[in-house]
Amino acid sequence: MSVWEVQQMRVVYGSGVVALDDVSFRVKAGERVGLVGSSGSGKTTLARAGLGLVPSVGRISLFGEDTAAWRPRQWLAARQKAQLLFQDPRAMLHPAIPIGVLLAESATLHRPRESVDAAVTEVLTAVGLSDRAHAWPHELSGGECRRAGLARVLLARPALLIADEPTVGLDASLKADLLQLMLHTADPQCAVVLVSHDLHAISWATDRIVVMDAGRVVDSFPTKTLASSEPRHPITEALMAAAGVSRAPKEA
């Protein structure tokens, strides 16, 4: 089943800049998708417009329902199942609230029938922050902030998790650790979309790669074919070169 689909989406900002132009995109339950492209290609706009956070023209479907006639309460309910992990992890953390208290608020909202303390302990343990419940956001490292943001979205038990540049600013080992943590802690049936400019960082963690450029989808293929000898779109070729992806030798 498709959990998230956009068809012929177009976004034009007030300045007249076309951020998305006739974009169609689909994600199935349990699928791991890499949405890649250079800065300004439209990746983040697609992630936000596809959740109704940016005005757009086109069709949006979430969890099998057309959102065209949705009222605000329906969008609110859907966004609890579709969680967006923002590019700036501190945007999800209130600077004046300790991590444990912030997560307790989320647990009260998303898991009202469960013990709040147990839910917070569970998620902090899952993301490796069991000893940081009393820490303030400014006391966390960049990697810890991303883990705390991940803990917050995981409390909602999402059916769709969209992570916008989750590894930016992290060194290679931390990138791998964070992605592995994200995929391990998300429910197997949760669809995960990794939005990134770094093809190398996400290629091992995805089933399918979708490439964007200038507000359009220009390429899409199973990740396992990434290094095949077949030629690809020039933008994909450039991303591969930047990521140091080697091609398989051509068959004689």
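At 31% relative accessibility, Glu-114 is classed as partly exposed in this predicted model.

The search of the whole structure returns nine salt bridges. One of them pairs Arg-208 with Glu-31, whose closest N and O atoms lie 2.8 Å apart. Here distant parts of the chain are linked, since Arg-208 belongs to strand S9 (residues 208-213) and Glu-31 to the loop between strand S2 (18-28) and strand S3 (32-36), 177 residues apart. Both Arg-208 and Glu-31 are buried. A further salt bridge joins Arg-59 and Asp-66 at 3.1 Å, N to O. In that pair, Arg-59 is partly exposed at 31% relative accessible area, and Asp-66 is partly exposed at 38%.

Turning to the fold as a whole, the protein chain holds eight helices and 10 strands. Its radius of gyration is 19 Å, close to the 18 Å that the globule rule gives for 252 residues, so the chain is as compact as a globular protein of that length. The C-alpha trace spans about 60 × 45 × 35 Å along its principal axes. Of the contacts between residues at least 6 apart in sequence, 64% join residues at least 24 apart.

Buried residues account for 47% of the 252 residues. The chain exposes about 12,300 Å², with carbon and sulfur atoms supplying 53% of it.

Definitions and conventions
Residues are numbered from 1 along each chain as its sequence is written. This is a predicted model: local features need pLDDT of at least 70, side-chain atom pairs count only at pLDDT 80 or more; totals for chains, interfaces and linings use all residues. Side-chain values use heavy atoms; hydrogens and water are left out. Helices (H or I, at least four residues) and strands (E, at least two) are DSSP runs, numbered from the N terminus. The radius of gyration is taken over C-alpha atoms; the globule rule is 2.2 Å times the number of residues to the power 0.38. Buried means under 20% relative accessible area, exposed over 50%, partly exposed in between (1.4 Å probe, protein chains only). Contact means heavy atoms within 4.5 Å. Accessible areas come from the Shrake-Rupley method with a 1.4 Å probe; for residues, only the protein chains shown count as cover. A salt bridge is a side-chain nitrogen of Lys or Arg within 4 Å of a carboxyl oxygen of Asp or Glu.
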